[in-house]
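Let us walk through a protein model step by step. Keep the structure in view and find each residue as it is named.

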Amino acid sequence: MEARMNTVTIQVALSEEGLEELDLLVSLSGLSSRTELLNSALTIYRWVANEVMDGGEIAAVYRNRGSFNVMEMSVFENLRKNAKRIKS
């Protein structure tokens, strides 16, 4: 017996350029829908949030070059502050 998933429809306002970028990412990722891309993005963001709240940094590591680029976003500071509040 298959479990049924409840779904909710949301509306998102994007610029035309944003929509084009979304569709390009769907295509480049080999996904079949915008929904798949947004679900994948949510999974990635959940991981990012957990790592940042645990004190980690998010980075792209280039092993073949021996370098890395750390990503910093203002929302990461919010996550860090809230992690401290939760742990207190």
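pLDDT is the predictor's confidence in each residue, on a scale from 0 to 100. You need that score here, because this is a predicted model. The mean pLDDT of the protein is 94. Of its residues, 97% reach 70 or more. Helix α1 has the highest mean, 98, among the elements of the protein. Helix α3 has the lowest, 90.

Start with the inside. In soluble globular proteins, nonpolar side chains tend to be buried together. Which residues make up the largest nonpolar core here? There are six: Val48, Ala49, Val52, Ile58, Phe76 and Leu79. Two elements, α2 and α3, each give two or more residues to this core. Helix α3 spans residues 74-87. The largest share comes from α2, with three residues.

Stay with helix α2, which covers residues 34-53. Leu38 sits in this helix too. Is Leu38 buried or partly exposed? Its relative accessibility is 42%, so Leu38 counts as partly exposed. Buried would mean under 20%. Now look from Leu38 to Leu22. The two are 16 residues apart in sequence. Their C-alpha atoms lie 9.1 Å apart in space.

Val8, Ile10, Val12, Leu14 and Leu19 make a nonpolar surface patch of about 510 Å². One of these residues, Leu19, belongs to helix α1, residues 16-28. Leu19 has a relative accessible area of 34%, so it is partly exposed.

Thr9 has 78% relative accessibility, so it counts as exposed. Gln11 has a relative accessible area of 79%, so it is exposed.

Now for the charged side chains. How many salt bridges does the model have? The count comes to three. Take Arg34 and Asp23 as one of them. The closest N and O atoms of this pair are 2.7 Å apart. This bridge links distant parts of the chain. Arg34 is in helix α2 and Asp23 is in helix α1, 11 residues apart.

Move on to Arg80. Glu72 forms a salt bridge with this residue, and their closest N and O atoms are 3.2 Å apart. Glu77 meets Arg80 in a salt bridge as well, at 3.6 Å from N to O. Why are Glu77 and Arg80 separated by about one helical turn? They are three residues apart in helix α3, and that spacing is the reason. Salt bridges that share partners join Glu72, Glu77 and Arg80 into one network. Check how open each member is. Glu72 has 47% relative accessibility, so it counts as partly exposed. Glu77 has 36%, so it counts as partly exposed too. Arg80 has a relative accessible area of 22%, so it is partly exposed. Remember that buried means under 20%.

Finish at strand β1, residues 58-62. Ala59 is in this strand. Its relative accessible area is 40%, so Ala59 is partly exposed. Which residues is Ala59 in contact with, leaving aside its neighbours within four places in sequence? They are Asn69, Val70 and Met71. Look at Met71 in particular. Ala59 and Met71 are 12 residues apart in sequence. Their C-alpha atoms are 5.5 Å apart in space.

Note on methods:
Residues are numbered from 1 along each chain as its sequence is written. This is a predicted model: local features need pLDDT of at least 70, side-chain atom pairs count only at pLDDT 80 or more; totals for chains, interfaces and linings use all residues. Side-chain values use heavy atoms; hydrogens and water are left out. Helices (H or I, at least four residues) and strands (E, at least two) are DSSP runs, numbered from the N terminus. Buried means under 20% relative accessible area, exposed over 50%, partly exposed in between (1.4 Å probe, protein chains only). A nonpolar core is a set of buried Ala, Val, Leu, Ile, Met, Phe, Trp, Tyr and Cys residues joined through side-chain atoms within 4.5 Å. Patches are made of residues with over 30% relative accessible area and no salt bridge: like charges are joined within 9 Å, nonpolar side chains (Val, Leu, Ile, Met, Phe, Trp, Tyr) within 5 Å. Accessible areas come from the Shrake-Rupley method with a 1.4 Å probe; for residues, only the protein chains shown count as cover. A salt bridge is a side-chain nitrogen of Lys or Arg within 4 Å of a carboxyl oxygen of Asp or Glu. Contact means heavy atoms within 4.5 Å.
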